[in-house]
Amino acid sequence: MTTVPQVRTRVRIPLRFGDGPPVDAEAVTFAGLSDGLEHLAFVLGEPGPVPLVRLHSECLTGDVFSSARCDCGPQLAEAVARISQAGGYLLYLRQEGRGIGLYNKLDAYALQDSGLDTYAANSALGLPEDARDYTAAAQMLTVLGVQQLDLLSNNPDKAAQLARHGIAVRERVRTGVFANENNVRYLRAKAEQTGHTLALTFDDWPASSAV
Ligand SMILES: [Zn+2]
């Protein structure tokens, strides 16, 4: 088994989100990534010397089933659309539930229904608030020849982790905010506890839906 990260396969996959326009993407698989997981890179549009990049962590409930408990589905669709226009890469990282896994994420949802926020629920389960690691993402970008990028993200930790792995972030491009009555507590916790730059107007939400 190889230990040097490298491209394994490139294959074209036409994508479509909801009733949006079709997007022609090239999926790239890798060998030799640090965590051994099956991460994917999607090449979208025509990446230039400083491509637009999104690191999207897998969220089965949000990405596939359009769960309203988080904003992952709309964020994924937005990222594909914007990167297709600008030219760049969407890295689809298999770290479900901020790295704690699907079942643990659903356990945490159950705790949130009893009043804990998304981070406190993870702590109550004895799990890290955020177990995501972007080492493999940095390896994927390096293999793809990306040394500098514009990062589509509201999360300052992603840019910091990439920089530690030698990937220069020229600009952090904010994503849209997709708030609804089901996910506003989740979004508020992200903004307040991990420094996500979300232009949320919580005053718009009645207290009854936020607690
Ligand atoms: Zn999600």
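## Ground rules

Residues are numbered from 1 along each chain as its sequence is written, and side-chain values use heavy atoms, with hydrogens and water left out. Since this is a predicted model, local features need pLDDT of at least 70 and side-chain atom pairs count only at pLDDT 80 or more, while totals for chains, interfaces and linings use all residues.

## The zinc site

Three cysteines hold the zinc ion: Cys-59, Cys-70 and Cys-72 coordinate through SG at 2.2 Å. Donors here are N, O and S atoms within 2.8 Å of the metal (3.2 Å for Na, K and Ca); water is not among the atoms, so sites may look incomplete. Along the chain the donors read C-x10-C-x1-C. Cys-59 sits in the loop between β4 and α1 (60-64) and Cys-70 in the loop between α1 and α2 (72-86), so the pair ties together parts that are 11 residues apart in sequence. Helices (H or I, at least four residues) and strands (E, at least two) are DSSP runs, numbered from the N terminus.

Cys-59 is buried at 4% relative accessible area, and Cys-70 is buried at 5%. Buried means under 20%, exposed over 50%, partly exposed in between (1.4 Å probe, protein chains only).

## Helix α5

Helix α5 (residues 135-143) is mostly covered, with seven of its nine residues buried. Those buried residues pack against several elements, including β2 (23-31), β6 (148-152) and α6 (156-164). Gly-145 follows α5, with a positive phi near 85°.

## Ala-68

Ala-68 lies in the loop between α1 and α2 and is partly exposed at 31%. Beyond its neighbours within four places in sequence, Ala-68 is in contact (heavy atoms within 4.5 Å) with Asn-180, Asn-182 and Asn-183.
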